[in-house]
Amino acid sequence: VGVKALTDICCTSSNAVDVIRSLPSDAKIVFAPDRNLGNYIRGVTGRDMVVWDGACGVHEEFSLEKILELKKKYPGAKVLAHPECKKTVLLAADYIGSTAALLRFASTDPADTFIVVTEAGILYQMRKENPGKTFIPAPPEDASCGCNNCAFMKMVTLDKIYRTLLDESPEVVLDEEIRRKAEGSIRRMLEIGK
C-alpha cells in the first residue's frame, strides 16, 4: 500500500497502454514494478520511460526453447503470451495480451490449439469456455518445478474470502494518510477507463 501511496496512477496489464497514453507527451514516467510489462508498453506506445528492474517470477521462468519445441510438435497451435513475459518469448507469440484479452482471443480465434504462456490458472477458464479446443501450458525453464503456477495467487481461496467477509477478519489497519494517497492512485486509474 505504501508503494501505491507514492504512485501517481496505478495500472494493470489490461489498461497499462491506456494509462500511459493518457499522460502528457512530455511527462516523465517511471514504470514499476515489472520490467517486461514496462518494456512491452514502451514498445507499443513509443513513450520514453524509466522501467523499474522488477519482474513476475512466473513470467520470467518460461523457456523460449521449450515453447519452440511445442510449436514443432503442434504446428497449427497459436502461442498466447502475457506481456509480462520476456521479450524473446513475446517475439514468438502469435498474440500478446492481458489475462482478460487472452481469454477473449482464445474464445474468438478459429484456431483449435493454443500454447498458453502465462500463469497456469487461466487454463481452467479457457477450457471451460472452449471445451472443443486444446490448451497447452508453456513449460518453465526448470521442468521439475511448478514455476508456471503463482504460489501467491494460490494463497487466495474462496474459503478464505468467505471467512474474511463473514468474520471481517483479519482486519487490516492502515494509516489514513497512506490509505488516502493509495486510493487516489487507484481512482485516477479508474477514471481513465470511463
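Among contacts between residues at least 6 apart in sequence, what share join residues at least 24 apart? In this chain the figure is 55%. Keep in mind as we go that you're looking at a predicted model.

Let's start with the whole thing. The chain has 194 residues, and 36% of them count as buried. Its secondary structure comes to eleven helices and six strands, and the C-alpha trace spans about 55 × 50 × 35 Å along its principal axes.

Now for the inside. In soluble globular proteins, nonpolar side chains tend to be buried together. Here, the largest nonpolar core has 14 residues. Look for Ile-67, Cys-85, Ile-115 and Val-117, which have the most contacts inside that core. Helix H5 (64-73), strand S3, helix H6 (87-91) and strand S5 are the elements that each give two or more residues to this core. Zoom in on Cys-85: leaving out residues up to four places away in sequence, Cys-85 touches Asn-36, His-59, Phe-62, Leu-90 and Val-117. There's also a second, separate core, with 13 residues, including Leu-102, Phe-114, Val-116 and Phe-135.

Next, find helix H8, which runs over residues 122-129. Which of its residues are buried? They are Ile-122, Leu-123 and Met-126. If you look down the axis of H8, these buried residues fall within an arc of 95°, so they line one face of the helix.

Our last stop is Lys-133, in the loop between H8 and S6. Is Lys-133 buried or exposed? Lys-133 is buried, yet it has no salt bridge. A salt bridge would need a side-chain nitrogen of Lys or Arg within 4 Å of a carboxyl oxygen of Asp or Glu, and the nearest side chain of opposite charge, that of Asp-109, is 6.0 Å away. You've already met Phe-114 as one of the residues of the second core.

Definitions and conventions. Residues are numbered from 1 along each chain as its sequence is written. This is a predicted model: local features need pLDDT of at least 70, side-chain atom pairs count only at pLDDT 80 or more; totals for chains, interfaces and linings use all residues. Side-chain values use heavy atoms; hydrogens and water are left out. Buried means under 20% relative accessible area, exposed over 50%, partly exposed in between (1.4 Å probe, protein chains only). Helices (H or I, at least four residues) and strands (E, at least two) are DSSP runs, numbered from the N terminus. The arc is that of the directions from the helix axis to the C-beta atoms. A nonpolar core is a set of buried Ala, Val, Leu, Ile, Met, Phe, Trp, Tyr and Cys residues joined through side-chain atoms within 4.5 Å. Contact means heavy atoms within 4.5 Å. Lys and Arg count as positive and Asp and Glu as negative; His and the chain ends are not counted.
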